[in-house]
Amino acid sequence: MLTRCIRTQIGIHNMPSQLLLRFANPPQPWRDCRGLASDTEDNDQIKTLMQLCSDRYYMICDALNGDPFHLGISRPYGPLGMELRKSILDKWWTSVVISRAQVFGISTMHLTKTISATGQNTLKLVDSTALDRIINQKGLNRDQARDTMSKQLQDSSTLRTNLLQGALEQYLPSLELVNRRLPFGLAETGVCYQPLEGQTDGPSCPAEVTRASLVWFCSPRTSSQWLDYWARQRLQWWRKFALGPSSFSCSEVSDGGEGERASRAVRILYQFPWGAEPLETLCNLGDTELLQTHRGSRAKLQCRDGRKYVLPHVISVCGNIDRGVLAYLHNSLQEVKKTDSKQRLYKRKVLKLHPSLAPVKVALDMGRGPTVELRQVCEGLLQELLEGGISAWPGYLDTMHSTMEQLSTKYDEMGVLFTVLMADSTLESGLVQVRNRDTTIKETMHISQVKIFLTKYIRASENV
């Protein structure tokens with residue numbers, strides 16, 4: 001069955017998969033990241049990052065349309081990009097939910113019949129066949145066709161554009177968890193849909209965005225303090241995993257910047273080359289959305305604040321994880337001028353992702369020697385590391401021989417923390433060479449100590 005996605009107030013938005021996909025004015029895809037032409041230093045840095053992400057399995061560059069850097073939308077991720085996004089989501093969830101007794105995780109549906117109380121544009125998923133039937137039905141005048149189509153739209157499911165609405169709907173069922181005591185929160189991560197910016201002149205396909213949301217219910221008298229508290233916590237969290245923490249900042253939103261529904265709002269920003277973009281937005285929504293979601297239930301909505309019963313205020317914390325992935329990639333990229341073995345000057349590109357975020361912790365490779373025996377040793381160590389929860393890259397499976405310099409370049413651009421190189425002598429002595437990504441220092445250790453060394457290093461980095 002073919003379906004169409006329609007945004008009310010603007011027009012028809014078509015959906016992929018078994019859904020009919022049409023573009024009124026399709027954007028031109030980047031056929032190659034090298035086609036990004038710019039003479040400015042900032043744009044050259046963006047070009048370098050784009051090419052690195054494409055070459056090193058972070059993003060599928062050829063599949064990108066338009067300029068996703070500015071839009072903060074989801075994009076096709078490669079194996080390393082998917083792992084990086086997953087790590088950020090896991091760290092966010094641990095920080096907001098796992099480590100707090102008053103926050104509970106929820107899961108809501110992508111499609112709903114509920115009318116949103118958050119005042120945002122609505123995206124509808126509509127049966128394309130039914131629309132075609134209405135359009136082609138004989139005997140219907142314009143008014144009849146319009147009324148029939150309007151009813152079809154009203155009866156269609158709504159695609160979620162945020163995670164706030166689902167948390168508001170689960171407020172009442174969650175009160176028993178906290179014995180009607182404030183404060184408490186409901187958290188969720190997942191995909192939302194939004195109209196592409198700047199495409200209001202005709203039909204287009206809505207974009208996917210990976211969101212992380214905390215909805216915090218608190219007393220009206222402390223809501224402002226709670227907004228300040230969460231703003232500090234969230235800024236501290238983003239900076240914790242950054243190579244350059246000063247690129248992350250916090251800013252009050254000017255009046256009306258988040259709409260009339262927010263009495264006060266704060267944004268966590270990252271300074272991209274083209275300007276600051278929001279990673280998370282925190283809003284004090286008062287009690288308006290809660291009352292609109294649960295009409296006629298004012299008495300049931302009240303919670304205990306000390307000895308009094310009050311109607312809680314809502315603090316919304318909404319994060320854009322896809323933009324967060326890009327922020328950490330951009331923040332971690334370093335270009336250092338180096339001289340190779342032939343005294344030629346070149347730029348060494350290193351993706352210095354935080355150890356707990358790096359998709360690959362260690363790469364296993366081997367030099368020249370008895371290929372079969374060395375591979376068996378590599379496979380044994382690989383299995384030991386994987387069983388210990390340490391992600392490892394099986395570089396030894398590459399059939400093309402590379403110099404240590406070439407391997408270092410490759411793994412530095414991938415953001416691999418350590419490279420373990422095995423040589424012919426490893427078969428006799430059990431000694432391997434371990435190279436550190438950040439210091440480029442190589443040290444020799446026994447193969448039996450590699451797992452212990454890596455485990456201690458990763459744990460230490462998480463506690464910083």
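**The nonpolar core and its aromatic rings**

The largest nonpolar core has 76 residues, and the members that touch the most others are Tyr58, Phe248, Tyr328, Leu329, Val362, Val420 and Met422. Helix α3, residues 79-98, gives the most to this core, with seven residues. A second, separate core has 23 residues, including Leu164, Leu175, Leu186 and Val215. The model is a predicted one.

Of its 464 residues, 47% are buried. Among contacts between residues at least 6 apart in sequence, 67% join residues at least 24 apart. The chain exposes about 23000 Å², and carbon and sulfur atoms supply 49% of that area. In soluble globular proteins, nonpolar side chains tend to be buried together.

Phe248 deserves a separate description. Leaving aside residues up to four places away in sequence, Phe248 touches Leu235, Trp238, Arg239, Ala242, Leu269, Tyr270, Leu279, Ala327, Tyr328 and Asn331. Phe248 also belongs to a cluster linked by ring pairs, together with Trp237, Trp238, Phe241, Tyr270, Phe272, Trp274 and Tyr328.

The structure holds 20 aromatic pairs. In one of them, the ring centres of Tyr229 and Trp230 are 5.2 Å apart and the planes stand at 75 degrees; planes over 60 degrees apart count as edge-to-face, so this pair is edge-to-face. Tyr229 is partly exposed, with a relative accessible area of 23%, whereas Trp230 counts as buried at 1%. Tyr270 and Phe272 form another edge-to-face pair, at 4.7 Å centre to centre and 80 degrees between the planes. Here Tyr270 is buried, with a relative accessible area of 1%, and Phe272 is buried at 2%.

Phe241, a member of the ring cluster, is also touched by Ser356. Ser356 is found in the loop between β16 (345-351) and β17 (362-366). Its relative accessibility is 7%, and because buried means under 20%, Ser356 counts as buried. Besides Phe241, Ser356 touches Ser87, Lys91, Lys361, Ser461 and Glu462, not counting residues up to four places away in sequence. The side chain of Ser356 is joined to that of His354 by a polar contact of 2.8 Å.

Terms used. Residues numbered from 1 in each chain as written. Predicted model: local features only at pLDDT ≥ 70, side-chain atom pairs only at ≥ 80, totals over all residues. Heavy atoms only, no water. Core = buried A, V, L, I, M, F, W, Y, C linked by side-chain atoms within 4.5 Å. Buried < 20%, exposed > 50% of the residue type's maximum accessible area, 1.4 Å probe, protein only. Helix = DSSP H or I, 4+ residues; strand = E, 2+ residues; numbered from the N terminus. Contact = heavy atoms within 4.5 Å. Areas by Shrake-Rupley, 256 points an atom, 1.4 Å probe, with all protein chains shown as cover. Polar contact = N/O pair within 3.5 Å; in protein donor to acceptor, adjacent residues only side chain to side chain. Phe/Tyr/Trp six-rings, centres within 6.5 Å; stacked < 30°, edge-to-face > 60°.
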